[in-house]
Amino acid sequence: MTRLRQLYPQLLALGVVLLLIGLISPGFFSVTVQNGRLYGSLIDVGVRVAPVALLAVGMTLVIATKGIDLSVGAVMAITGAIAATLVADGHPVPVVLLVALSLGLVCGLWNGVLVAFLDIQPIIATLILMVAGRGIAQLITGGVILTFNDPAFSFLGSGAVMGVPTPILIWLAMGLVVGLLVRRTALGLLIEAVGINRRASMLVGVRARFLILATYAISGLCAAMAGMIVTADIHGADANNAGLWLELDAILAVVIGGTSLAGGRFSITASLIGALIIQSLNTGILISGWPPEFNLIVKAVVIVAILTLQSPAVAEELGVLRDLLRRKGAKP
Amino acid sequence: MKRKLLAASSVACLMLCGAAFAADLTVGFSQIGSESGWRAAETTVTQQQAKERGIDLKFADAQQKQENQIKAVRGFIAQGVDAILIAPVVATGWDEVLTEAKDAEIPVILLDRQIDAPEDLYLTAVTSDQVYEGKVAGEWLVKEIGDQACKVVELQGTTGSSPAINRKKGFEEAIAAKSNITIARSQTGDFTRTKGKEVMESFIKAENGGKDICAVYAHNDDMAVGAIQAIKEAGLKPGTDIKVVSIDAVPDIFLAMAEGEANATVELTPNMAGPAFDVLEKFKADGTVPPKWIQTESKLFTQADDPKGVYESKKDLGY
């Protein structure tokens, strides 16, 4: 897929963030096995990142087409609400999965049609569902936190396969499947082409409308999966709070991953690393013991630092510096 | 000032008492909207209370907008109701419409929130004391723990919100005298289950796998429910290994209490209308002017208080 070299900035940032947290809280890296499953702060990062990581997978593709999907948080609330309703009514898990994923797909297609066929600007088109979606979710749950007790469905959120928590497996699998789909076929290239210049790509015969529709559909599917994980995790659907503001974290993850909001070149792996950076920060702050007033400030400072280091201007300066050092090193 | 008020109210009584005495009251109620389960329960209880007392309740849902509330209050004034209940969505901007109500000699009672307006514009405000709620929770813990050393972790509400600030303050006041009880960690869980669970997970990792934690204090029940799941998944027993005390008394915490997984909760009663109707009836009958603030009871519930039964009585209130 993406060459490792291209991931240097993101991997470096993740490494530095993890190292800093390790310095502040020495127990951060210890991973043990407890009750037959991996246990530790590092594992928490992997589990808690699942919703944002899933959203980031879909969001990367959407942003690559020069779009944006603000509705993912609300779609999480809708699919979570439907899943909880069905589980509470005693439907088997496969049925729940199928219905919730289909609903996510429908939400994605709705966005896609607005953007690709009605040519509404993506930020407005997806804003509609972002606002309305939470209302729909509340209608489904009747305004209460809908709880259920079903070990089979809760497995999605708090279960483990061979010691590895299910949410980790789900986001890894989703990233892998979508990554292979776009990079082992020409799809990724075509999406980039549409993002860079939709008109030109259409003139050479790329079916831009269909591609854009497909990216929003995938984004809807990812959001549905994320919604179910969040619902399974707390054994209940909280229409008010499920996925609240997560669309912004997902966009941030994509941006940290180096994908430009202007469309074009994208990397799903880099976006996933971006999501991991954000979640490492969240978890790191929680175990640091600092007062909560600092949470957002610390997060903002680190993210500004990361984005500054990635900015073209700074990268150029660094390049010059490196060349200078190399030349100096060459001289005896 | 007080004497003036008394005089004014006795004049008002002279004019109103005759008409309203023992007759059916018509009361307008401007509710914020359905922002949370607690608010839905408040609406249900208000309607129940009105029905029990034979009060004709006119209900207006403001959908979280002050302009709708002002419109509703003007509507109530035009209909000539006997009194108006308002659960104000914001604290400011009420002077004008309340003056209109005052001019029409309709008493106004505020429910569950205070406002920034001259006190003579409303009859009274019925609210809970959030600092006291935290205090009740803290006092329960002090009594429960005795003289053992106890490390408490705290799940705060949304940073900067008044319930978070006040409930923290009250709890700290209650445990201040006891040097054996310390708050080891305190973080925000944003009043939600998901965040409550996530924060508790990290607390457990940071405090020797949770073995060092003796109790968790959550500013609301939802965060406590999340924390209980985190404690269970870490292989510990909530309610026994780590005691759980929280505030609000929503139905789900009683289920946890019945299972022995939560220890205590302090009720934020949805029955704000009951005390309001009490003072209103007295005011209408003989002009008794209530104090400007009526504090609702912050009742403590523990596992000994028949949690299953309380759950049954609360589950249909719309929480």
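Helix 9 (residues 251-258) of chain B is mostly covered, with six of its eight residues buried. A residue counts as buried if 20 or more other C-beta atoms lie within 10 Å of its own, as exposed if 12 or fewer do, and as partly exposed in between, with C-beta atoms placed from the backbone. Helices (H or I, at least four residues) and strands (E, at least two) are DSSP runs, numbered from the N terminus. The model is predicted: local features need pLDDT of at least 70, side-chain atom pairs count only at pLDDT 80 or more, and totals for chains, interfaces and linings use all residues. Residues are numbered from 1 along each chain as its sequence is written, while chains are lettered from A and ligands numbered from 1 in the order in which they are written.

The buried residues of helix 9 of chain B are B:Pro251, B:Asp252, B:Ile253, B:Phe254, B:Ala256 and B:Met257. They pack against helix 8, strand 9 (243-248), strand 10 (264-267) and helix 11 (307-314) of chain B, and also against strand 3 (146-147) of chain A. Contact here requires C-beta atoms, placed from the backbone, within 7 Å. After helix 9 of chain B comes B:Gly260, with a positive phi near 80°.

Helix 2 (residues 41-48) of chain A is largely enclosed by the rest of the structure, because seven of its eight residues are buried. Among them are A:Ile43, A:Val45 and A:Val47. The buried residues of this helix pack against several elements of chain A, including helix 3 (50-64) and helix 13 (268-288), together with helix 7 of chain B.

In total, 24 residues of chain B are in contact with 25 residues of chain A. Helix 7 of chain B gives the largest share of the chain B side, nine residues. By class, that side has four nonpolar, 12 polar and eight charged residues.

Chain B is divided into domain 1 (2-126 + 271-288) and domain 2 (130-268 + 304-311), with bounds from an automatic or database domain assignment. Their C-alpha centres lie 35 Å apart.

Chain B also holds an open sheet. Six strands form it in the order 2-1-3-4-5-11, with parallel pairing. Strands pair if DSSP finds at least two bridges between them. Strand 2 (56-61) and strand 11 (293-295) of chain B stand at the edges with a single partner strand each, so one side of each is left without a neighbour in the sheet. Strand 1 (residues 26-31) and strand 2 of chain B pair over six bridges. Strand 3 and strand 4 of chain B pair over three bridges. In that pair, B:Ile84 has B:Val108 as its bridge partner. On strand 4 of chain B, B:Val108 and B:Leu110 point one way and B:Ile109 and B:Leu111 the other, and all are buried.

The largest nonpolar core has 150 residues, of which A:Leu55, A:Ala56, B:Val216 and B:Ala227 touch the most other members. Such a core is a set of buried Ala, Val, Leu, Ile, Met, Phe, Trp, Tyr and Cys residues joined through C-beta atoms within 7 Å. Helix 11 (residues 208-234) of chain A gives the most to this core, 17 residues. The core also draws at least three residues from each of domain 1 and domain 2 of chain B. A second, separate core of 37 residues includes B:Phe29, B:Ala62, B:Ala87 and B:Ile106.

Terms used: Two residues are in contact if their C-beta atoms, placed from the backbone, lie within 7 Å. Ala, Val, Leu, Ile, Met, Phe, Trp, Tyr, Cys and Pro count as nonpolar, Asp, Glu, Lys and Arg as charged, and the others, Gly among them, as polar.
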